[in-house]
Structure formats: structure tokens, C-alpha cells
Amino acid sequence: MAKVTIDGHSIEVADGTTILQAARMIGGDIVPPTMCYYSKLKTSGGYCRTCIVKVTKGSEKDPRPMPKPVASCRTTVMDGMEVVNITSPEVLEARRGVVEFLLINHPLDCPICDQAGECHLQDLGYEHGLAKTRYDFPRRTFNTIDLGPYIKMHMTRCIMCFRCVKTADQITDYRVHGMLNRGDASEISTYIQKAIDNDFSGNIIDVCPVGALTDRTFRFKSRVWFTKPMDAHRNCTKCSGKVALWLKGNDVLRVTGRKDKWGEVEEFICNECRFEKKNVSDWIIEGPRHIDRHSVISANHYESLAQLKLDIGKQQKALSTKK
Ligand code: SF4
Ligand code: FES
């Protein structure tokens, strides 16, 4: 076991735990933001640097501080380690720099982007970004590409987090897309636009932290904050069948995996559940899904409205039986 202190909060964790995992165990504002780490994907993390923290004491045995900020998703704790995140102006300044780099080529098309309201980069830019860009050069742009019948790729919005590549590598039978070229010429490509048509390919939409990979069956149908997420399930032979349905009235606008408060899916779901079951009657509805994220998507308090509706219904019933 190792004892680690993050922003003054101490916790004992198993050896091999990363600083980020320890911070998530503590919870609250001290948890570093992540754009490329994804706990359900092996070897994710280490690309975006948004999760940087400062190690002010290496360990009990060797208390020297680490000379530079480190990626908390890739740095394992040592016994006696002390870490600062939001209590360090230096870390916050460095994170601002990282966000500025992530936004250099990212278009500000949130008003028409399907990811708006649940976009991690939008939240990060809001919390750490500058109001103006200092970048004078032309931004790189790409045409949109259809990745098979269900997925649309907006390369211009991609931040090169590698999550979709790892998802395709680790949970589908074969991968037909990847990162081409290096540096500012890098791009996610299916190489001659080969269709991604295997049973679990839709999960790359869920893991994408921005609006680079979008669901063609949901595009431009609604802003996410106007929809009502519901937990639902069905008997599925390919996946657990446990999903979140995003409803407008009784219309199922989209189906996604159930995401936790870190924005990561609890379980990956198959394409049949995601793209082909768009009727409420296809599903057993469990109830409203609680969205626990600092994002616009959490703004609609429909859960309490549902309760209110239930209470009013009960009162009306009680009144009518009294008459
Ligand atoms: S398309 Fe999305 S998931 Fe894939 S690398 Fe780009 S930002 Fe990451
Ligand atoms: S989340 Fe740690 S480097 Fe991207």
C-alpha cells in the first residue's frame, strides 16, 4: 500500500495505482481533467497532458520534488508522495497552456456541433481557456468523411487523443482506422475511407471526447440538453443490452452506452442496440438516468420534474377518490 496526499487530501491506495486513479478515489474538484485517458481502455492516456499535476514530494524514501509537471494518468504513486493540482497556480497556468494548444486547430463550431453540451473540450475551454486566440496562422481543416453507414468523421474537431483507435483495437474484431502521419500533419483515417462495419464500431462515438466522431442517425436532430436520458435494457445476444436512451417525447433520438461521472461508458454496447433499436417498444425502460457532470447536459432537472409529476398524479388520484 502507498499513502499519497493530493491537494492536502490523503488516501492509502494499492501499489501501482496512478495519481489520477487515487484522485478519483478521493473525488471532488481535485480530480484532474482527462481528454485521452479512459479507464476501460488499456494503455490509454499520456497523449493530451490535460491531467498534469506537480509532485512536490516524490516519496518518503526520496522526498525530492519532481522537476516538471507530470501526467497524472501515467504516473504511479509512491508511499509518502505529495501532489498538488488545483492548489498550484503553476499547474493551473500549465493546464491553460495545454488547453490553448488543444484549441489551436479546433473550430469554434459548438453552436452546430452534436457534441455541444456534453463535450469535454467545451468544458475544459470554459474552465481554463482564454477568451481570445493568440494563433495567427490558418487552422487546418478537413472535409467530413462517412465512416460507414453510421459514423461521420469531422477530422477538423479531432484532438488526437487515440481513444477511438484503442477502442477499435481492443473491442472490435479488426481495426480499419488509425493515425496517419505525425506532428501537425497527423490525422485519423480509415485509409481510402474503408467502412467501419463491425458489431462494436459505434463505441468510438462514445469514447470521442469532442465532436469528431458523430452518430449519423442522431446528427442535427436535437441539442442534447433538450433530450431526456433514460436507463433502459433489452435482451441482446451481442452485448449486455444496458444502454441510455435519449428521448424527445416518445421518440428515441439516440442510444448510447451509460456514461459515469468521468464521461466513460460503464459497458460497451453493440451496433444493433445503438443504431437499430430506435423504438421505445424495443426497450424495457428502467427510469431517468442521473447525469453527474459539470456540463450543460446536467442542466435539465427532469428527474425532480418526473417526481413532481408523480406526486401531482398521486394527489389528483387521491382527490378524485375523495369526491
Ligand atoms: S476522433 Fe475523437 S476519439 Fe478519435 S483521436 Fe480524434 S478526438 Fe480522439
Ligand atoms: S489524460 Fe493524462 S495525458 Fe491525457
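**Reading strands, helices and a ligand shell**

Modeller: This is a predicted model. Start with one pair of residues: Ile6 stands opposite His9 in strand 2.

Biologist: Which strands does that pair belong to, and how many bridges join strand 1 to strand 2?

Modeller: Strand 1 covers residues 2-6 and strand 2 covers residues 9-13; they run antiparallel and are joined by five bridges. Together they form a hairpin with two residues between the strands. In the turn, Asp7 has a positive phi of about 50 degrees.

Biologist: With which strands does strand 3 pair?

Modeller: Strand 3, residues 52-57, pairs with strand 4, residues 70-71, over two bridges in the antiparallel sense. There, Val53 stands opposite Val70. Strand 3 also pairs with strand 5, residues 81-84, over three bridges, again in the antiparallel sense. Lys54 has Val84 of strand 5 as its bridge partner.

Biologist: What is the strand order in the open sheet of four strands?

Modeller: The order is 13-12-11-14, and the pairing is antiparallel. Strand 13 (251-256) and strand 14 (284-288) are the edge strands, each pairing on one side only. On average, neighbouring strands of this sheet are turned by 35 degrees against each other, direction ignored. As a detail, strand 11 (residues 228-233) is joined to strand 14 by four bridges. One partner pair there is His233 with Ile284 of strand 14.

Biologist: How is a pair of packed helices described?

Modeller: Two packed helices are described by the angle between their axes and the distance between the axes. Here, the axes of helix 2 (residues 89-104) and helix 3 (residues 120-128) come within 10 Å and cross at roughly 135 degrees. The two helices are therefore oblique to each other. The crossing of helix 2 past helix 3 is left-handed.

Biologist: Which residues make the contact?

Modeller: Helix 2 contributes Arg95, Arg96, Val99, Leu102 and Leu103, while helix 3 contributes Leu121, Leu124, Gly125 and His128. By class, the contact of helix 2 with helix 3 has five nonpolar, two polar and two charged residues.

Biologist: Last, the ligand. Which residues come nearest to ligand 1?

Modeller: Of the 14 residues around ligand 1, the nearest are Cys158, Cys161, Cys164, Cys208 and Ala212.

Biologist: How many residues of the shell around ligand 1 are nonpolar, polar and charged?

Modeller: The shell has 13 nonpolar residues, no polar ones and one charged residue.

Methods:
Residues are numbered from 1 along each chain as its sequence is written. Chains are lettered from A and ligands numbered from 1 in the order in which they are written. This is a predicted model: local features need pLDDT of at least 70, side-chain atom pairs count only at pLDDT 80 or more; totals for chains, interfaces and linings use all residues. A residue is near a molecule or strand if its C-beta atom, placed from the backbone, lies within 6 Å of it. Ala, Val, Leu, Ile, Met, Phe, Trp, Tyr, Cys and Pro count as nonpolar, Asp, Glu, Lys and Arg as charged, and the others, Gly among them, as polar. Axes are lines fitted to C-alpha atoms, for helices over the stretch in contact, and angles run from 0 to 180 degrees between N-to-C directions. Angles under 35 degrees count as roughly parallel, over 145 as roughly antiparallel, 65 to 115 as roughly perpendicular and the rest as oblique. A crossing is left-handed if the near helix is turned anticlockwise from the far one by less than a right angle, and right-handed if clockwise. Two residues are in contact if their C-beta atoms, placed from the backbone, lie within 7 Å. Two strands pair if DSSP finds at least two bridges between them.
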